[in-house]
Amino acid sequence: MAKYSLKINGKSRLVDVDPSTPVLWVLRDHLDLTGTKYGCGMAQCGACTIHLDGTAVRSCQLPVSAVGNQPLTTIEGLSAKGDHPVQKAWQEHDVAQCGYCQAGQIMSAASLLKVNPNPSDADIDTYMSGNICRCGTYVRIKEAIKSVARK
Amino acid sequence: MKTSQTTYNRRSFLKASLLSGGGMMLSVSWLANAKAADKLQALNLPQQWTQLNGYIQITPDNQIKLICPNPEFGQNVMTSLPMMIAEELDADWKNVVVEMGPHDNAKLGPQFSGGSNSVRMYWKPLREAGAAARQMLCEAAAQTWNVPVGEVTTKAGVLLHASGKSAKYGEMASKAATLPVPKGMKLKAPKDFTIVRNSKKNVEGLKVVTGKPLFGLDYRVDGMLIAMIQHPPAFGMKLKSFDATQALKMPGIRDVFSLKLYEDGFEQGGFDTRSFNDMVVVVGKTTWEVMNARKKLQLDWEPIGDTKDTMMGRGGKQEVVVPGELESTSAQLEKMAAWAKKPAKQLRKDGDPETAFKNAAQVIERTYNAPFLAHNCMEPMNFFAHVTDEKAVVAGPLQAPGWSEPTLSKLLNLPADKIEIQMTRMGGGFGRRAYCQYMYEAALISKRTKAPVKLIYTREDDMTYGIYRPMYTATYRAALDANKNLIAFHVKGGGIPEHPIHANRFPAGAVDNYLAEGWEIPTNITIGAFRAPRSNFNAAAEQSFLDEVAEAMGIDPIELRLELLKRAKDNPVGKNNEYDPDRYAGVLRLVRDKSGWNKPGNETYSRGVAAYFCHNSYAAHVVDMVSRDDQPYVERVFSAMDCGIVVNPDSAKNMVQGAVVDGIGNALYGSLTHKNGAAEQNNFHNYRLIRHNEAPKQIEVYFVDNDLDPTGLGEPPFPPVFGAVANALYKKEGKRFYNQPFQPDIKKRA
Ligand code: FES
Ligand code: FES
């Protein structure tokens, strides 16, 4: 066990966990931040996507010991009231079906739009293909991303 | 055409009750018996709401709370079902809050999500509940204002009288609740709908995009432990021995033990599919600790041999022998090919197919195959349980609490009224969560551990547990006469462990000489309903076959179907034809029109068409393929649906789009194979799911506009996608694809 002070969603959070513990489980089991989802545990589905220092990463593959001082943002901290442009677009396009993958989709999309404010279809495909949606909401996700880009 | 009768409608009655805190409750009581009738009070509703039951709660400050009876798995029932109540209640949708109901079949009806049934089975009772509540509010206003009730009108949650008097529903609610419940309410004509047929956003949309704890996996209580199970590594294996010494030394671990799901001879319910009876359970403080300790288990397994399940099905008690063989896919395919040649059970016969085939000028015969599929719900199976000597609280994702409660009650030796099942939002269902052994496992673990426990399946546990879509095969034969008329049709289908044939579906009824046969091979690999069971294979095979028949006849594939449907309408062959030829033809015409079928301007695409009827609705798709990097992709899809009245149109479109993507993905990539009883795929690196770059860029969805009572939509659009993809692939690749998934055969072409 080891103590870590993590910067999560603008707050400092203290945890005492095994250094190998993936950030996914630190969030879910120790910090009660369950918005970040478990889907595969092997970087295949993107359900666990969060931002590490502003960039999308798969939290199931990120040991807590590797975080250091880098700030983490989860879906709960993406905006204060769910009003990040991507979150708003997701609601306008009523993207979700079951909704389980959508936190990861939104975190990936927010990160994509930050580095590429006007992505093409191919850019979106490349960036987002690590995020599986079993319900098949891909068409709406693409529309929602493009609607943010247009604004 | 056959119309469906929901028998529980007739037995249901309306009942209002007063809330001591003010406000009004109204419910449709579904069944005459009052099983677990007062569970609600004891559970999660505030004390001041005495005698609560039903779907509608109105507070004095005019908040309207509508209760969704059915669990949500992405089909958006939490929005569409309350819309139906609000329509007749004449509520202001802006003031409506929706809450998932508790499990109480006596008060809230069947409460199962599956079979594309939610909207269909609740269409009448929920509107009746809304209409009766509205009438009582009108009566309360009439008495208060001393005017005839016929002069009181409503508008969006406000009661009005020509004299200028008005009151919000909330002001009249407690008086209304003291009034007798009106019977035989006249319901609105579709032309008067103001909420139904108007798209409403997902009521949980904001919660979803802000990561609120909605799902079973998010459920937690103080002091909750995490449990994982090591099941046998292969079908046909059981536990011989285990050594937990190392695992118990790992940090955070509370206990390791073995359990049996069912004792020998336990009477399983119809949905108690059990893949593995033996479990080695690791219980600890956190998920990661439990995952790590589990790797330290020393486990020894052995073949189980033939076993017996005691099933309590609709046909009464039945002993089912489960073969002990450690099965492999290659051997299963050989077995299926051999069985396909044996005589099979006749399912339907019209005319004299034998003679017709003998006299045919041309016979076309093709065989289609499909593998097991895993549901792969995005949220792996999990359940919370807290079981004590007095009661059990369980919470998690499940499609049909009422189907699992009797077994849970038997396993825990607790009466049903001491069991509370909470339905969380499900991260997908697709049929998988109708089979709730993971809930039983969680409950048994909690009972043994004497603590609140959350059982979590890893993705690997989830994918290798079974309850798969069965393996299917079917051989189709068509007989043409010298003038290229279709004179006979024969389908012989089989599967492991069930055959796929719906004998009374199209083209039955449209061909003079028709024969349908089925055969089945038992297995120890467990299967379950998978989005449109059987249809999901049938549509693929039959709709590809019809494409080939049309080609041999030299006729357009849509035209062939329309001609057959005309025959089925004008002069139907045989009895019990399940479909309505007009509605079937309707979706074909609509998709032909919207896709510009055979019209110039679509030359860049390889186009395939297919249509199907299942779960009381009709679907047709035109799939347009292109090549990118020398690989075929579905670029564009046109879908036409007839599901009667569309309650929530935008959300209905979403579901059709999802079904299209799901169909393309499974047709091209889906496959679960076995070697010596063990699944060969266990996570998304070796089980391929469709991804962003493989999904169509555009899916246009159109609904036939009619005023028929609504039918389901979760399943019907799914099956014909497979056939449309196969037919488009033929155009693209110049050869036919008979074996799902298609992708490996596309690869082989080079
Ligand atoms: S859970 Fe991390 S990528 Fe799937
Ligand atoms: S919305 Fe269900 S997995 Fe994406």
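Modeller: Over all chains, this predicted model holds 43 salt bridges. One of them joins B:Asp707 to B:Arg197, with the closest N and O atoms 2.9 Å apart. B:Asp707 sits in the loop between β31 (698-703) and α19 (719-733) of chain B, while B:Arg197 belongs to the loop between α6 (169-176) and α7 of chain B; the pair therefore ties together parts that are 510 residues apart in sequence. B:Asp707 is partly exposed, its relative accessible area being 46%, and B:Arg197 is also partly exposed, at 27% relative accessibility.

A second pair is formed by the side chains of B:Arg433 and B:Glu379, which meet at 3.6 Å, N to O. Here too loops are involved: B:Arg433 lies between β21 (419-423) and α13 (437-449) of chain B, and B:Glu379 between β18 (362-370) and β19 (382-387) of chain B, so that this bridge ties together parts 54 residues apart in sequence. Are these two residues buried or exposed? B:Arg433 has 0% relative accessibility and counts as buried; B:Glu379, also at 0%, counts as buried as well. The reason is that a residue is called buried when its relative accessible area is under 20%.

The side chains of B:Lys569 and B:Asp582 form a salt bridge at 3.3 Å, N to O. B:Lys569 is in helix α16 (residues 557-570) of chain B and B:Asp582 in helix α17 (residues 581-595) of chain B, 13 residues apart. B:Lys569 is partly exposed, with a relative accessible area of 46%, and B:Asp582 is partly exposed at 42%.

Salt bridges also join into a network, which links B:Arg366, B:Asp547, B:Glu548, B:Glu551 and B:Arg736.

The interface between the chains may be taken next. Across the interface of chain B and chain A there are 6 salt bridges. Between B:Arg220 and A:Asp32, the side chains meet in a salt bridge at 3.8 Å, N to O. Between chain B and chain A, 29 residue pairs are in polar contact. Elements giving two or more residues to the side of chain B that touches chain A are α7 (205-209), α9 (287-295), α14 (459-464) and α18 (649-668) of chain B. The largest share of that side, 9 residues, comes from α18(B). By residue class, the side of chain B that touches chain A divides into 24 nonpolar, 20 polar and 14 charged residues.

As for the extent of this interface, 58 residues of chain B are in contact with 54 residues of chain A. The two chains bury about 4800 Å² between them, 56% of it given by carbon and sulfur atoms. In chain B, the residues that lose the most area to chain A are B:Trp288, B:Met378 and B:His692, together 18% of what that side buries.

Definitions and conventions
Residues are numbered from 1 along each chain as its sequence is written. Chains are lettered from A and ligands numbered from 1 in the order in which they are written. This is a predicted model: local features need pLDDT of at least 70, side-chain atom pairs count only at pLDDT 80 or more; totals for chains, interfaces and linings use all residues. Side-chain values use heavy atoms; hydrogens and water are left out. Contact means heavy atoms within 4.5 Å. Buried area is the accessible area (1.4 Å probe) that two parts lose on being put together, summed over both. A salt bridge is a side-chain nitrogen of Lys or Arg within 4 Å of a carboxyl oxygen of Asp or Glu. A polar contact is a pair of N or O atoms within 3.5 Å; within protein, one must be able to donate a hydrogen and the other to accept it, and residues adjacent in sequence count only if both atoms are side-chain atoms. Helices (H or I, at least four residues) and strands (E, at least two) are DSSP runs, numbered from the N terminus. Ala, Val, Leu, Ile, Met, Phe, Trp, Tyr, Cys and Pro count as nonpolar, Asp, Glu, Lys and Arg as charged, and the others, Gly among them, as polar. Buried means under 20% relative accessible area, exposed over 50%, partly exposed in between (1.4 Å probe, protein chains only).
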